[in-house]
Amino acid sequence: MKKIKVALGYLIYVFLGSWLPHYQLHYAWPISNKLRLLSVKLMLEECGCNVDIGRRISFSRGISLGDNSGIGDEAYFIGKVSIGANVMMAARCAFIASNHSFQRTDIPMREQQGENRQIVIEDDVWIGYNAIILGGVTIGTGAVIAAGAVVTENVEPYSIVGGVPAKLIKKRM
């Protein structure tokens, strides 16, 4: 039954929700937003209330989204990602919790097993445009991730990080 719900959610999202308007000319387009919300509630492991889902998002299995959180247009998810409440994600963010292994040199990388390391985003986080979050990372409550940052290590609560790889810019407190 779960697979049927996920498939139905995916079909609704791909064929209707992902192409309808999101925000244009300061108007929210309530019908297209409701279609995207319906599809995401069917696809995600958990989906909170009052969430905002952008267009053309690539979802994978194992994603949970907390209350009052939003995912920007063209976001990319692969692997298990847990997103808290009141999280803002700009467009084109990537969450890469599943990746290739490359430790062994005696066999090609494409033949090695992959690795899955969950990403955890705690409450009240702001993730800027085109940021990339890699597997095994926890982003603490109240953190800000600058646009274009590549986050490879845990981010302490109430920190502002940016750069490639992301480094501490300053604390919010």
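1. S82 faces V120, a residue of strand β11. This pairing belongs to a predicted model. Strand β6 covers residues 81–83, and β11 covers residues 119–121. The two strands run parallel and are joined by 3 bridges. Strands of a sheet pair through backbone hydrogen bonds, either parallel or antiparallel.

2. Now place that pair in its sheet. The open sheet has 5 strands, in the order β1-β3-β6-β11-β14. Its pairing is parallel. β1 (46–47) and β14 (138–139) stand at the edges. Each has a single partner strand, so one side of each is left without a neighbour in the sheet.

3. A second open sheet deserves a look. It has 7 strands, in the order β2-β4-β7-β12-β15-β17-β18, and here the pairing is mixed. The edge strands are β2 (52–53) and β18 (167–171). Each of these pairs with a single strand, so one of its sides has no neighbour in the sheet.

4. Which residue of β17 does V144 stand opposite? The residue is I160. Strand β15 spans residues 144–145, and strand β17 spans residues 159–162. They pair in the parallel sense over 2 bridges.

5. Next, the core. The largest nonpolar core holds 35 residues. F59, F77, F95, I121 and I145 have the most contacts inside it. The elements giving two or more residues to this core are α2 (30–43), β3 (63–65), β6 and β11. In soluble globular proteins, nonpolar side chains tend to be buried together.

6. Take F95 as an example. Leaving out residues up to four places away in sequence, F95 touches Y76, F77, I78, V81, M89, I119, I121, I127 and I133.

Definitions and conventions
Residues numbered from 1 in each chain as written. Predicted model: local features only at pLDDT ≥ 70, side-chain atom pairs only at ≥ 80, totals over all residues. Heavy atoms only, no water. Pairing = 2+ DSSP bridges. Helix = DSSP H or I, 4+ residues; strand = E, 2+ residues; numbered from the N terminus. Core = buried A, V, L, I, M, F, W, Y, C linked by side-chain atoms within 4.5 Å. Buried < 20%, exposed > 50% of the residue type's maximum accessible area, 1.4 Å probe, protein only. Contact = heavy atoms within 4.5 Å.
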